[in-house]
Amino acid sequence: MINKRISTFIAATVMMVFLLIALPSSAANQTAEQLSYIAQDKSKKRSERIDALEQLASFPSQSALIAIARGLKDNQHDIREASVRASAPYQLTHRWRLLSPLMDDLVLDVRMAVAKNLAVDYTKMNAVQKRQFDPLFDDWASTLILKGSEESMMTLAEGYLYISDYNAARNVYSQLIERSEGGVDAWIGVAESYRLNKQDEQALAVLNDALVVFSDEPSILYVKSLTLVRLNKPNQAARSMDSAAKIAKTNSQYWYVNGVLQEAYDQQLALESLKKAYQISGHPEQLYAVCDFKIRHLDNKAEVCLMQLEKIAPPHVIANLRSRIEQRDVVTN
């Protein structure tokens, strides 16, 4: 049975994503248009165009997509490669249409950029797409193996995770660990390979071993906490997350999740953690979480929280929260 607090966490996350999407984006659109213009301006230096394309990955929009599509057809291979990277935020449907013609690009770096880009969504590909992509992935893997550097091998292991070859991923991560390379990320990668294969007990064992090597490492404690949640051990999960947040100090995500997990055991600690998350990040979704908590627990300062939130949130979100105050939307244990 899924822990009730985690169900609340999922529901709140959905609302917060909606909140973020609903926020005004005129400034972002203006930035995207400016960068798109630079990316397409062949009178600009190539370095300027490449820089603009790299930045466009943070501003997905129609104008950015047009600039990327044109960049993928550019005569200069480094412009094509930068355009491949800039396409990362878009759905596979768009990326496949744009990038699949470059699987046969004459320049290796362009082909490898396409492989890395599309591998992320391998599980979403249909059978025809996978048959077309598999040889490119194999070439990409061979290239990474030939390089043999720590960075290339970490990329290779991640690639194997994307295509669900968990044994191959573990083998690469294990080789890195034996060579004292990869650091914390290699250990977490092994745990991730077990998680993706729905083997959470094995993932937990790996994380415990990792904590012997990297004692009090907050990122390992964070992943361990999430693993314990999946194993339906919420009390242990809460303790691990509290340690991760306190050791990391300034990681807002750790404090936010800590607030979610602590609510069933220590409401004061939960609220303080949610507040800490917002103080660090300033993200509206984390202020929403504070207000949501106060409403459900009949905090007499819930309205004050809403007054702060309404400065950055759409009116319909505030109206919904105020209606919950009127209806006394209390938490049920």
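This is a predicted model: local features need pLDDT of at least 70, side-chain atom pairs count only at pLDDT 80 or more; totals for chains, interfaces and linings use all residues.
Mentor: Welcome! Helices (H or I, at least four residues) and strands (E, at least two) are DSSP runs, numbered from the N terminus. Residues are numbered from 1 along each chain as its sequence is written, and side-chain values use heavy atoms, leaving out hydrogens and water.

Trainee: How do you know that the span of helix 11 agrees with what it should be?

Mentor: The expected span is 1.5 Å times one less than the number of residues. Helix 11 (residues 183-196) has 14 residues and should therefore span 20 Å; its end C-alpha atoms are 21 Å apart, which agrees.

Trainee: What do the buried residues of helix 11 pack against?

Mentor: Contact means heavy atoms within 4.5 Å. The partners are helix 9 (150-162), helix 10 (166-178), helix 12 (200-213) and helix 13 (218-230). Among the buried residues of helix 11 are Trp 187, Ile 188 and Tyr 194.

Trainee: Why is Ala 313 called buried?

Mentor: Buried means under 20% relative accessible area, exposed over 50%, and partly exposed in between (1.4 Å probe, protein chains only). Ala 313 has 9% relative accessibility, so Ala 313 counts as buried. You will find Ala 313 in the loop between helix 18 and helix 19 (315-326).

Trainee: What makes Cys 291 and Cys 305 a disulfide?

Mentor: The rule asks for a pair of cysteine sulfur atoms within 2.5 Å. In Cys 291 and Cys 305 the sulfur atoms are 2.0 Å apart, and the two form a disulfide. By this rule, the count is one disulfide. Cys 291 sits in helix 17 (residues 284-296) and Cys 305 in helix 18 (residues 302-309), so the pair ties together parts that are 14 residues apart in sequence. Both cysteines, Cys 291 and Cys 305, are buried.

Trainee: Why is this disulfide called left-handed?

Mentor: The torsion about the S-S bond of Cys 291 and Cys 305 is about -90°, so the disulfide is left-handed.

Trainee: Why are helix 17 and helix 19 called roughly parallel?

Mentor: Axes are lines fitted to C-alpha atoms, for helices over the stretch in contact, with angles from 0 to 180 degrees between N-to-C directions. Angles under 35 degrees count as roughly parallel, over 145 as roughly antiparallel, 65 to 115 as roughly perpendicular and the rest as oblique. These two axes come within 9 Å and cross at roughly 20°. Helix 17 and helix 19 are therefore roughly parallel to each other.
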